[in-house]
Amino acid sequence: MNEHLLELSPSLVWKHFKLLCDIPRPSYHEAPLRSHLIDWALALGMETYLDPAGNLLIRKSASQGMENRQTVVLQGHLDMVAQKNADIEHDFEKDSINTHIIDGWVHARGTTLGADNGIGVAAALAVLESNDVSHGPIEALFTIEEETSLRGAMELEEGILKGKILLNLDSEDRGDVYIGCAGGTDINFKKSFPVASESIGSAGFKLTIKGLKGGHSGLDIHKGLANANAMLVTLLQQLNDQFDIQLMSLNGGTLRNAIAREATASFLVNDLQALALGSHLSLLSSEMTAQFETVEKNIIISVEPCDVSKGLTKKDQGRLLNALDCSPHGVFRMSPELIGVTETSCNLGVINLSLNGEHLIFSGCSLVRSLVDSATAALARKVKASFDLIDAQVTIDNGYPGWRPDPRAGLLKHFLSVHESVMGYPANVKVIHAGLECGIIGAKYQGMEMVSFGPNIRGAHSPAERLEIDSVGDFWRLLVALLRSVPIADELEESVKLTA
């Protein structure tokens with residue numbers, strides 16, 4: 001599978017990207033790929049180290065004549081987001097990603113592609129394998145669970161990195177260089193409701209929202225895309241105002257850091273009102289799709305009969321829908337200092353209500369991001385407050401710091417010079433509204449200078465993800481030029497032997 005990738009250039013980068021497509025690597029299941037990379041590195045005579053968290057470090061000696069250059073850390077994450085369209089059969093723990101090429105872009109068939117961050121990892125592996133790239137000492141750091149909790153970076157063992165320059169290869173726009181990122185935190189909520197003693201009717205319906213674009217909850221949050229969870233709550237609130245309905249289940253979204261593309265709800269309707277439900281919902285659906293017609297072209301809202309189960313009481317149903325309706329979602333504040341940059345946002349990532357014995361269990365999670373750590377905490381408290389109103393169990397955890405930009409850093413000046421020389425135009429200096437690992441690693445390794453860059457990736461965290469082939473060539477040329485031109489070390493550090 002994916003043999004066509006071997007025909008692309010630069011061949012060594014695409015060879016390794018094919019490997020990353022062939023070996024399943026969703027978050028929490030990076031071990032098979034990691035084991036393969038350890039065996040591969042040892043066979044090539046490189047040193048490897050696996051830290052207690054499960055992060056992999058591979059060290060390569062400098063090219064001949066480059067021994068006095070500063071050590072460079074090449075950094076990326078092994079895991080990928082596991083998202084697929086509802087009509088696709090795919091087991092992310094067992095099945096390879098099935099790729100194809102359309103108009104100069106590499107796509108996957110109905111699933112995420114894993115170019116985030118597979119292409120960055122592939123570039124680092126290409127540097128490790130190549131005998132043609134001139135470079136000083138290299139430390140390639142491959143972290144785990146970046147897409148779910150940033151645990152790899154959070155628990156990275158201190159003291160194992162000797163380099164003072166870090167090139168993060170986890171950005172998604174050719175021509176851009178990132179020098180700062182948002183921090184963030186998760187808010188998880190859970191509540192048990194008793195089932196109602198009586199049903200209001202015998203007609204069960206399933207409401208489905210699908211066809212949304214979805215996307216990255218940081219990079220795409222400012223685009224005004226529809227969130228299936230938020231849409232579902234709005235429709236249910238409107239139906240609840242006009243009909244006697246009894247909510248039986250909810251299911252929307254799969255990841256806290258992906259804008260929900262699909263959501264469903266099942267409910268009972270008063271028998272006398274069942275016939276009028278379809279026409280009224282059609283009107284509501286038309287009004288809702290009109291709200292998003294400029295950014296969402298393929299919204300599908302449908303209703304169909306379903307099996308009858310136990311539902312919520314009227315009181316609990318109202319409380320739950322109100323809590324969801326008032327919980328923040330979307331852009332909360334734009335940066336007053338950085339034009340066009342989102343400062344603070346929240347994504348209602350996952351909601352679920354399902355029957356468990358004589359109770360209906362509600363659970364879900366949101367992800368708050370901000371360039372300002374105090375703003376992250378403040379918005380997280382607002383999310384918590386909305387679910388405190390229904391006495392839910394709410395936890396705020398997995399918090400991580402942002403990466404404060406330093407426009408005067410020497411590494412940035414060097415990058416900008418090399419970029420203009422290689423690409424023929426100046427790079428755009430940016431701050432990203434997403435949780436790059438740079439902030440976390442930088443907090444552990446004070447004084448390390450960092451930049452983040454990459455090729456063009458679109459639709460990350462969704463089955464629309466795609467990777468532009470030409471931009472990968474530019475990404476590689478820039479990386480090679482940066483390594484070739486790394487400054488001479490002020491002081492040569494004593495080499496530290498890593499254990500296999």
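Mentor: What follows begins with the sheet and then widens to the whole chain. This is a predicted model, in which local features need pLDDT of at least 70 and side-chain atom pairs count only at pLDDT 80 or more, while totals for chains, interfaces and linings use all residues. Residues are numbered from 1 along each chain as its sequence is written, and side-chain values use heavy atoms, with hydrogens and water left out.

The part to look at is an open sheet of four strands, ordered β4-β5-β23-β22 with antiparallel pairing, where a strand is a DSSP run of E with at least two residues, numbered from the N terminus, and two strands pair if DSSP finds at least two bridges between them. At the edges stand β4 (99-102) and β22 (457-458), and because each has a single partner strand, one side of each is left without a neighbour in the sheet. The partner of β22 is β23 (residues 466-468), which runs antiparallel to β22 and is joined to it by two bridges; in one of these places, isoleucine 457 has leucine 467 of β23 as its bridge partner.

Turning to the whole, the protein has 11 helices and 23 strands, the helices being DSSP runs of H or I with at least four residues. Of its 500 residues, 58% are buried, meaning under 20% relative accessible area with a 1.4 Å probe, protein chains only. Among contacts (heavy atoms within 4.5 Å) with a separation of 6 or more, 80% come from residues 24 or more positions apart. The C-alpha atoms fill a box of roughly 85 × 45 × 45 Å, taken along the principal axes.

Definitions and conventions. Buried means under 20% relative accessible area, exposed over 50%, partly exposed in between (1.4 Å probe, protein chains only).
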